[in-house]
Amino acid sequence: MKALIANLGFIFQIAGLLMILPIITAHYYSETEPMVAFLITSLSFFSIGFMMNALSERKELDYKTSCLLVLLTFILISLVGSIPYFYLKIFNSQNILEDFVNTYFEGVSGFTTTGLTFLDSKDLPKSLVLYRSLSQWIGGIGIVYLILAFFYEENIANGIAEAIGIKKFLTKIKSSVLEVIFIYSFYTVLFFSILYFLGIQDFVTNISLVFSGLSTGGFMPSIEVNQNILLTLIAIMIIGATSFEIHHAIFFRKWYKLKSMEFLIFILLIFIGTISLFFLHSKNITSSFFHSVSALSTTGFNFENFSSMSESTKLLFIAFMFIGGCYFSTSGGIKIYRLITLFKSVKIAIKEKLGFNEEKIDTSEALISLLTISFSALIVFVAAFAFTLYGNPFTDSLFQCVAAYSTGGIYLMNLNYNTFLKSVLIVLMIIGRVEIFVFLVSISRYK
């Protein structure tokens with residue numbers, strides 16, 4: 001427990017340090033109240049972090065404790081991260097419980113990279129718009145875990161590396177952490193420059209779009225778009241939802257790795273979604289392409305009123321958001337990788353029964369994929385049923401619950417939301433972000 005508290009304290013200190021950017025932005029735009037809110041938030045992160053470190057000592061974490069660390073991070077960092085919304089009285093609610101749920105909802109939605117919101121960015125201070133997107137970048141790239149893993153010795157960072165999903169692809173943790181930070185920072189600068197030359201020259205709007213897109217987050221500042229901007233946003237979302245293994249292959253010219261089955265299926269699904277949306281809804285190929293990528297990458301960027309879409313279109317979006325992007329990317333969903341693993345296992349098992357199979361099944365990998373898909377489906381269906389108890393249509397309820405669980409972030413305006421249902425969405429966002437298997441391991445009493 002002491003090791004858990006100490007590492008959580010270190011994460012809080014990193015989060016407090018990253019608050020410098022919205023503080024500077026608030027000062028630049030002379031936004032006094034938001035600057036005070038961010039200073040309070042930063043000091044809260046620092047003071048809680050230092051207290052945790054003073055009471056404990058940072059040492060090796062096993063896999064179960066690492067999973068619990070990931071779960072508690074998203075619960076607690078979102079709690080402290082909701083201070084700006086609460087301090088600025090963004091929701092102006094007279095009911096303290098309702099105000100707390102609303103502000104915590106926004107905090108969780110940011111750090112889990114969901115992007116579900118009941119706020120209009122046009123009505124928010126510029127520094128708060130930036131802060132919301134920054135919280136997605138922190139949570140999506142997992143920068144706090146990467147820095148934490150970097151400070152461990154190579155041989156004892158495995159628990160954290162496995163819990164956040166990087167052990168499968170990376171062997172040398174420290175050098176790999178630096179590589180991840182460098183590559184995503186490179187993409188951030190690259191797309192900031194591209195959007196700047198395309199006409200988005202306001203710093204906050206530009207960097208917020210890049211942060212949200214790369215983290216497949218969904219908080220979107222108010223902008224006027226043209227086809228070039230849409231295509232750039234599509235590229236950002238695809239990069240965010242693509243496995244880091246592919247980015248590694250591109251940067252280090254390991255072209256043979258680009259033949260990844262998962263990546264090819266990802267591109268194929270985007271093509272299928274684009275054609276389907278073109279005929280089902282928009283009749284505009286660029287818009288269909290954009291929203292297909294937005295759903296499958298679980299970013300949630302949109303320029304459509306999804307409430308008025310047909311049932312078949314909503315079902316397509318539900319399927320795409322539930323599947324999500326590639327493994328070890330910033331996207332949510334169950335991941336294409338798990339579907340491939342499950343289908344391969346079924347195929348091998350059938351061949352084995354027929355007596356002409358020489359391949360062996362990785363039973364643990366197949367079981368984890370099956371459990372992840374099955375429990376994820378169960379959770380969203382139960383949550384959708386809870387929504388229907390308050391008079392909401394089942395398809396719309398399922399759409400919204402999948403959007404929260406997959407961290408897809410698309411918001412349906414026609415649903416009846418109350419404090420209880422917002423709390424359900426909060427739980428879905430947290431479990432969906434840490435993933436069901438990590439959640440189950442963290443709450444289990446078994447090691």
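The model is a predicted one, and the chain in it contains 21 helices and zero strands. When contacts between residues at least 6 apart in sequence are considered, 72% of them join residues at least 24 apart.

**Helix H2**

- In helix H2, which spans residues 20-28, the buried residues are Pro-22, Ile-23, Thr-25 and Ala-26; viewed down the axis of H2, these buried residues fall within an arc of 165°, so they line one face of the helix.
- The other side of H2 carries Ile-24, His-27 and Tyr-28, which are exposed.
- Ser-30, which follows H2, has a positive phi, near 55°.

**Salt bridges**

- The structure holds five salt bridges, and one of them joins the side chains of Glu-106 and Arg-132, with an N to O distance of 2.9 Å. Glu-106 belongs to helix H6 (residues 96-111) and Arg-132 to helix H7 (residues 126-141), so the pair ties together parts that are 26 residues apart in sequence. Both Glu-106 and Arg-132 are buried.
- A salt bridge also forms between Asp-202 and Lys-126, whose closest N and O atoms are 3.1 Å apart. Because Asp-202 sits in the loop between helix H10 (173-197) and helix H11 (203-214), whereas Lys-126 is in helix H7, this pair ties together parts that are 76 residues apart in sequence.
- Asp-202 is partly exposed, its relative accessible area being 25%, and Lys-126 likewise counts as partly exposed, at 29% relative accessibility.
- The side chains of Lys-335 and Glu-435 meet in a salt bridge with an N to O distance of 3.0 Å. Lys-335 is placed in the loop between helix H16 (311-323) and helix H17 (336-354), and Glu-435 in the loop between helix H20 (419-434) and helix H21 (436-443), so the pair ties together parts that are 100 residues apart in sequence.
- Lys-335 and Glu-435 are buried, and together with Arg-338 they are linked in a network of salt bridges.

**Nonpolar cores and buried contacts**

- The largest nonpolar core has 88 residues, and the residues with the most contacts inside it are Leu-233 and Phe-266.
- Leaving aside residues up to four places away in sequence, Phe-266 touches Ile-238, Ala-241, Thr-242, Leu-296, Gly-325, Cys-326 and Ile-336.
- Thr-313, a residue of helix H16, counts as buried because its relative accessibility is 0%. With residues up to four places away in sequence again left out, Thr-313 touches Leu-277, Leu-280 and His-281.

**Aromatic pairs**

- There are 29 aromatic pairs in the structure, and among them is that of Phe-186 and Phe-251, whose ring centres are 5.4 Å apart and whose planes stand at 90°, so the pair is edge-to-face. This pair links distant parts of the chain, with Phe-186 in helix H10 and Phe-251 in helix H13 (residues 244-251), 65 residues apart.
- Phe-186 is partly exposed, with a relative accessible area of 38%, and Phe-251 also counts as partly exposed, at 27% relative accessibility.
- Tyr-327 and Tyr-337 form a tilted aromatic pair, with 5.0 Å from centre to centre and 40° between the planes. Tyr-327 lies in the loop between H16 and H17 and Tyr-337 in helix H17, so the pair ties together parts that are 10 residues apart in sequence. Both Tyr-327 and Tyr-337 are buried.
- Ring pairs also join Phe-182, Tyr-184, Phe-186, Tyr-187, Phe-191, Phe-244, Phe-251 and Phe-328 into a cluster.

Definitions and conventions: Residues are numbered from 1 along each chain as its sequence is written. This is a predicted model: local features need pLDDT of at least 70, side-chain atom pairs count only at pLDDT 80 or more; totals for chains, interfaces and linings use all residues. Side-chain values use heavy atoms; hydrogens and water are left out. Buried means under 20% relative accessible area, exposed over 50%, partly exposed in between (1.4 Å probe, protein chains only). Helices (H or I, at least four residues) and strands (E, at least two) are DSSP runs, numbered from the N terminus. The arc is that of the directions from the helix axis to the C-beta atoms. Contact means heavy atoms within 4.5 Å. A salt bridge is a side-chain nitrogen of Lys or Arg within 4 Å of a carboxyl oxygen of Asp or Glu. A nonpolar core is a set of buried Ala, Val, Leu, Ile, Met, Phe, Trp, Tyr and Cys residues joined through side-chain atoms within 4.5 Å. Rings of Phe, Tyr and Trp (its six-membered ring) pair if their centres lie within 6.5 Å; planes under 30 degrees apart count as stacked, over 60 as edge-to-face and the rest as tilted.
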